[in-house]
Amino acid sequence: DCDQVLAKQPREPKALMRRAFVFEALERYGEALSDMQTVVSLGCGAKHASAACIRLHKLAAQKQAFDAKRQSKAGTAPQTHDTPKGSPTSAGVTSAVAPAAAILDASVAAPMPTAVSDSANDGASVQAAEEAKRAASAAKEQGTAFFRAGDFSEAARKYYEACKHEPDTHTHFSNLALALLKLGQPSHAVTAAKRCTELEPTFAKGYYRLGQALWARGDVAGAMEAYTAGLPHANSADEAELRRELARCKRSATN
């Protein structure tokens, strides 16, 4: 996975981008932005990385504004850490995030690699990709088992692992968004669902998850926008769900 690659090649562009996507899913926008800016400076995939930098700047500003507003209503000073603390539900998701965050932090402090041949690099990359795919599949299966058992904290932990191993797979972020919603963490669920729709803009369920997360966060207009965006990509079953939630949003807006 990206950690193994960066342990040997700390400035490998694709691995930096993969890690940035994981940081984004964890709402650690500053670290994600730092990785993307490094990619831009390397000149590899600069167009996509530059667009990601713009997005991350906006996400950081939006999160800061939302956190300030929420803390103002609660009558406490805004917190500066990425994962909200101080409530039973947030404690659960904090413990779910911690292992993945620790692994990512460890990769930042990895030593500089020794020189290896291009063929060795290619072989290591293929092997790492295969290992990442297997690890992601195993984590997803474990997360689903925990979810079905009602252990949403462990489900979120495993879905985080799946996202970490395969940060370009949209379904991992959809699963993560649902688990975070069950944990009562709509802001984190919004981040995961947004990443899902960015990775696969035609995945109707991603917009459904995004709408659910925005609704839970109190953003009725945003939820309506998400549900509407999913309609062109929905099959008959998904369309029925999207329209049902749209109707609920409209009723709420008129009350």
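Is Arg-19 buried or exposed, and what is its relative accessible area? In this predicted model, Arg-19 is buried, with a relative accessible area of 6%; buried denotes under 20% relative accessible area, exposed over 50%, and partly exposed the range in between, for a 1.4 Å probe and protein chains only. The model is a prediction in which local features need pLDDT of at least 70 and side-chain atom pairs count only at pLDDT 80 or more, while totals for chains, interfaces and linings use all residues. Residues are numbered from 1 along each chain as its sequence is written, and side-chain values use heavy atoms, with hydrogens and water left out.

Arg-19 forms a salt bridge with Asp-35, with 2.8 Å between the closest N and O atoms; a salt bridge requires a side-chain nitrogen of Lys or Arg within 4 Å of a carboxyl oxygen of Asp or Glu. The pair links distant parts of the chain, 16 residues apart, with Arg-19 in helix H2 and Asp-35 in helix H3 (residues 29-42). Helices (H or I, at least four residues) and strands (E, at least two) are DSSP runs numbered from the N terminus. Asp-35 is likewise buried, at 6% relative accessibility.

Nine salt bridges are found in the whole structure. Within helix H7, Arg-157 and Glu-154 lie three residues apart, about one turn of the helix, and their side chains meet in a salt bridge at 3.2 Å, N to O. Arg-157 is buried at 17% relative accessibility, whereas Glu-154 is partly exposed at 22%. In helix H12, Glu-245 and Arg-248 are also three residues apart, and the N to O distance of their salt bridge is 2.8 Å. Here Glu-245 is buried at 9% and Arg-248 is partly exposed at 31%. A network of salt bridges links Lys-205, Asp-238 and Glu-241.

The largest nonpolar core comprises 33 residues, and those with the most contacts inside it include Leu-176, Leu-180 and Tyr-227. Such a core is a set of buried Ala, Val, Leu, Ile, Met, Phe, Trp, Tyr and Cys residues joined through side-chain atoms within 4.5 Å. Helix H8 (170-182) is among the elements that give two or more residues to this core, and its six residues are the largest share. Beyond its neighbours within four places in sequence, Leu-176 is in contact (heavy atoms within 4.5 Å) with Ala-156, Tyr-159, Tyr-160, Cys-163 and Ala-192. Another core, apart from this one, has 19 residues, including Ala-20 and Cys-53.

The structure holds zero disulfides, a disulfide being a pair of cysteine sulfur atoms within 2.5 Å. The sulfur of Cys-163 is too far for a bond, because the closest cysteine sulfur, in Cys-196, is 9.4 Å away.
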